[in-house]
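Subject: Structure for you to look at

Hi there,

Here is the structure I promised to pass on. Have a look at it first, and then read my notes below.

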Amino acid sequence: MKFVYGKQNWTKRERGQENCYLLTNGLGGYSAATMLGSNTRSDHAFFMACTQAPDHRYNMINRLEEVLEAGEMSVHLSSQEYVKPDKNEDGFHWLSSFSFEDHPKWMYHFHGVEVVKEIAMEHGENLAVVKYVIDNRTGGDAALQVTPHLQFVPKNMRAASGREFVIEKDRISCEGWTVYFRTNGTVRCFSQKFTEGLYYAYDECDGRESIGNDYANHLIECTVPGYACRTLEMVYSLKEIKKSADEVIREADDYRSALADASGMKQDAARMLAKSADQFVTERASTGGKTMIAGYPFFGDWGRDTMIALAGCCISAGQPDAAKSILRTFAKYCKDGLMPNLFPDGSGEPRYNTVDAALLYIHAVYLYVQKTKDLRFAGEVRPVMEDIIRWYRKGTAYGIRMDEDGLLLAGEAYDQVTWMDVRIGEILPTPRHGKPVEVNVYWYNALCIMDALYGMPYGQLEKGKKEPEPRAADEGSDYARLAQKVKKSFQMKFWNGDKKCLKDVISGTDADNQIRCNQIWAVSMPFALLEREQERLVVDTVFEKLYTPYGLSTLEMSDPQFHGWYGGAQIERDLAYHQGTVWVFPLGAYYLAYLKTREYSKEAKEKVVEQLAALESALGEGCIGQLPEIYDGENPAFSKGCFAQAWSVGEILRVYEALQQHEKEH
């Protein structure tokens, strides 16, 4: 799936800066900038290296300033914006096209000179390349001068004044850090310059620090005689360089093409998402295994996000070995029945403030074993999963424990332990202490899964049933008996007959009867808790109150607490985050639930395909080829939050897989 943009997409700078590209290296490092080539966030960088996977990120090469000289004329091809507009670089005036399929490609035209630019990263290495092809179709000389702007600071930090960068034959050094480089151009050194006043428009609209700075001490030049064509390449790495730019670009494209093929997906959008899914899968140095970045550019590897995203980003995408490695990584950190919610930067201890990550871990193992039939792995992680169930039954941290009715309680004091987890000091915008609906759905499914995996021979999984039924209490294991108790209590206490849907939480507060998207998982998860008619009513209510083409709203619009716009200072964003903001990832569960309640009829499948086509347009907006974290609740038109979100990609991939698998079976 190739995305192509032309001049109509950047009639103004602001419009051209709406979209960006993202390249990743499988270590946590990345390259990202707008399609104009400008940085609009402090998180943007041409070469964001990761010195310890996946969270020790350093902005090494912040950006590339490009100047083209043709005859007596000299213009910028780069398009960086500054606080003082008179300093702006306006290269987008000469930009003819931008395209992205497996790597970004720019084409510039200026008075008879064409410049084609390509960027790529090597997978598994901290290495980024840029290649320029300069076609001079004039009678005089032309020259391209590229100035790398340097930072050598941790991600999001400002480059303080007074630093000294030293350039030698093949390396740039500063305060213990070294970046190696290789170029076929002419290196011209000059007195170090400290550039201030870089303007990061997208940080400002989110209430973040919006002014940046960087350094430069050399440029790289390529002169092209009249009627000649020359190539300029620049390679940057944290290690000594052994590859050319062409090799890196070719290998990067081949790698992504192999990802699409491995997924087995037929639809173009699904194949693109399979490629995008891999951008979240990274190494974790502390375990020597795989983990998953929750979202770019803000997040690290989070437990809850990983356990949701893994199903689509690894299993549906045809990368079961990555799924297995990730599950092993998290198994090593299980503590008192809890999975880490967040791995901190550095050597600190993980944070365990999540009730659902451990239950979702069991679900992820189930999906992996169901797809691969890897019974050996099921045996390997059995003690971890049994430990989770044991701790949840007797009680563990954060008020997580089973009540007398078999349902799970979670949350105490100011701890927010569901995915609606915002806390502002002593303010909890979504206080869901008590018995959250999706947590008890996951609890019931975890019990049924334990029974399916370990309570009897491998019958249900062996048959590959999409909607397995738990055994009756009198013929099953202890897991089956407890699951039946949970199911009975759930049906009795969560069903809201007046609103024809499920309560969001059992807490004895007004929050219980708010209509939220969390109920959709009661229909989409493998083991059914509701009667078929109830499931259909839930799906219809969610569609009526919460559905948008780009995601599900977190709260119905008529609720007094609804916030229709996400943005501004941190407190404003937090107050809106789960109070109406549209999230992409629950949309996957909605479509799976809709197909299930319509029994995958021809009409239902056609409807989902039709609605997915609207979502496919989102792949060309924001981060090209990716799906974002969130949209505004009232008018979900422009992506917000993380411009690339793992569970958004993963959950939509699962829908494509379900549609394709059903077609194959029928």
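This is a predicted model: local features need pLDDT of at least 70, side-chain atom pairs count only at pLDDT 80 or more; totals for chains, interfaces and linings use all residues.

Leu575 sits in helix α15, which covers residues 570-576. The relative accessible area of Leu575 is 31%, so this residue counts as partly exposed.

Next, the charged pairs. How many salt bridges does the count come to? The total is 45, and I picked out three of them for you.

The pair Lys435 and Asp403 has its side chains in a salt bridge, with 2.9 Å from N to O. This bridge connects distant parts of the chain, 32 residues apart: Lys435 belongs to strand β23 (residues 435-436), while Asp403 is in the loop between β21 (401-402) and β22 (408-409). Is Lys435 buried or exposed? Its relative accessible area is 6%, so Lys435 is buried. Asp403, at 23% relative accessibility, is partly exposed. Both residues also belong to a network of salt bridges that links Arg401, Asp403, Asp405, Lys435 and Lys493.

The second pair is Arg598 and Asp540, whose closest N and O atoms are 2.9 Å apart in a salt bridge. Arg598 is found in the loop between α16 (585-597) and α17 (602-616), and Asp540 in helix α14 (residues 532-546), so this bridge ties together parts that are 58 residues apart in sequence. Arg598 is buried, at 18% relative accessibility, whereas Asp540 has a relative accessible area of 33% and is partly exposed.

Glu651 and Arg654 form a salt bridge between their side chains at 3.4 Å, N to O.

The C-alpha atoms of Ser648 and Gly295 are 9.4 Å from each other, although 353 residues separate the two along the chain.

Finally, the helix packing. How do α16 and α18 lie relative to each other? Their axes come within 6 Å and cross at roughly 20 degrees. Angles under 35 degrees count as roughly parallel, so α16 is roughly parallel to α18. The crossing of α16 past α18 is left-handed.

Helices α7 (residues 356-372) and α10 (residues 437-454) pack with axes 9 Å apart, at an angle of about 40 degrees. These two helices are therefore oblique to each other. Here, too, the crossing is left-handed, with α7 passing α10.

That is what I have so far. Happy browsing, and do write back with any questions.

Best wishes

Conventions: Residues are numbered from 1 along each chain as its sequence is written. Side-chain values use heavy atoms; hydrogens and water are left out. A salt bridge is a side-chain nitrogen of Lys or Arg within 4 Å of a carboxyl oxygen of Asp or Glu. Helices (H or I, at least four residues) and strands (E, at least two) are DSSP runs, numbered from the N terminus. Buried means under 20% relative accessible area, exposed over 50%, partly exposed in between (1.4 Å probe, protein chains only). Axes are lines fitted to C-alpha atoms, for helices over the stretch in contact, and angles run from 0 to 180 degrees between N-to-C directions. Angles under 35 degrees count as roughly parallel, over 145 as roughly antiparallel, 65 to 115 as roughly perpendicular and the rest as oblique. A crossing is left-handed if the near helix is turned anticlockwise from the far one by less than a right angle, and right-handed if clockwise.
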